[in-house]
Amino acid sequence: MRQASGFTKRAKVGALLVATVIGVSACSSGTSASSSGGSATKVKAGDPITVAVVPKLLGLAVFEANVKGAKQIAPSLKETINYTASVQASGPDQANIINGLVKSNNPPQVIAYSANDPTSEVPALQAAKAAGIKVIGFDSDVTPSARDYFIQDTAYPDMGKALIDAVVQKFGSTGTIGILSSTKDATVQNAWIDAMQDYIKSSYPNLKVGPIGYGQSNQATSQTQATNLINSNPDLKALIPIDGAAVPGALAAVKAVGKAGKIGVFGIGDPNPNKQYFEDGSLTGLFLWDEVKQGELIAQVARKVADGTMPAAGGSFDAGDLGTFTVSNDPAPGTIIFSKPLEFTKDNYMQYDF
């Protein structure tokens, strides 16, 4: 969903090899749990485990930060973090990665995913569960029956409110705003869009949302979509890019049409790729959460799930230095809300390294 960090040609080639090998393994084995392959080794509480982190796309800065956080505390939890993903933001490709892990000779004890869409990965995750692998989601969810727990970034209404309030505070409560997402099927972005629209309807009835632009997690495509929104809405007050690649795309579009400062850009994204925009003042607001600490929570939950110590809905658990978290059935069974929206500004963004 977000801005891809620049990774080297060597990393790209390695990623392609990983995706190809796993994809071939999965395709040749099929998708059913009964296909030949390994099954997760049962462990006693506290025994070493492997946690496979399978986000939407390889190389995105936010997911790199999640993995960084998980790896920082993995030794203390007796975990090995196996980070693997597709080089394309594709649900079927992600399902192939997961199937390859399930059918490998040494499958992980836990798979942690961020889904490209709500359904494509479901059969593969169900096969993982059938093979004795614990499944936890983070960032973007699937059908709840296909996983054990889901770490939700923020409460969706909180993020929607934070973005719209920021726009209104700067540009007023009338006119049109444009929203830039990644794809039409992106679970978490659709939840944010719904939250923003609900909040506008209840609190700012004179504010209008224009057609949603979809940039496919690509900066150039996002810029084109943003330009279209600007040209088709003369009263556009602000753009809200809620995909990391869409943030610089929206900023480039506003600058190209000579409306920097006149049309605000309030995004959801990570601070490092947007340093230049904080410094030149073109980025009006940026929201997210601490991705490194979220990675720590992924590792904490993985340990507890493997040990069988995670509580049911209504129960709470201790996550070390991160504090105490509660499991809820709202908005979906087995949900853990990680954080309130974190606003990055020119004054504080350098405190965060992702």
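Guide: Two strands pair if DSSP finds at least two bridges between them. Helices (H or I, at least four residues) and strands (E, at least two) are DSSP runs, numbered from the N terminus. This is a predicted model, in which local features need pLDDT of at least 70 and side-chain atom pairs count only at pLDDT 80 or more, while totals for chains, interfaces and linings use all residues. Residues are numbered from 1 along each chain as its sequence is written, and side-chain values use heavy atoms, with hydrogens and water left out.

Visitor: In which sense do strand 12 and strand 13 pair?

Guide: Strands of a sheet pair through backbone hydrogen bonds, either parallel or antiparallel. Here strand 12 and strand 13 (residues 324–328) are antiparallel, joined over three bridges; S316 has T326 of strand 13 as its bridge partner.

Visitor: What is the order of the eight strands in the open sheet?

Guide: The order is 2-1-3-4-5-14-13-12, with mixed pairing. Strand 2 (79–83) and strand 12 (316–318) are the edge strands, each pairing on one side only.

Visitor: At what angle do helix 2 and helix 10 pack?

Guide: Two packed helices are described by the angle between their axes and the distance between the axes. Axes are lines fitted to C-alpha atoms, for helices over the stretch in contact (heavy atoms within 4.5 Å), and angles run from 0 to 180 degrees between N-to-C directions. Helix 2 (residues 61–77) and helix 10 (residues 291–307) pack at about 45 degrees, their axes 6 Å apart.

Visitor: What is the mean pLDDT of the protein?

Guide: The pLDDT is the predictor's confidence in each residue, from 0 to 100. Its mean for the protein is 89, and 89% of the residues reach 70 or more. Over residues 1–36 the pLDDT is below 50. Where pLDDT is low, the predicted coordinates should not be read in detail.
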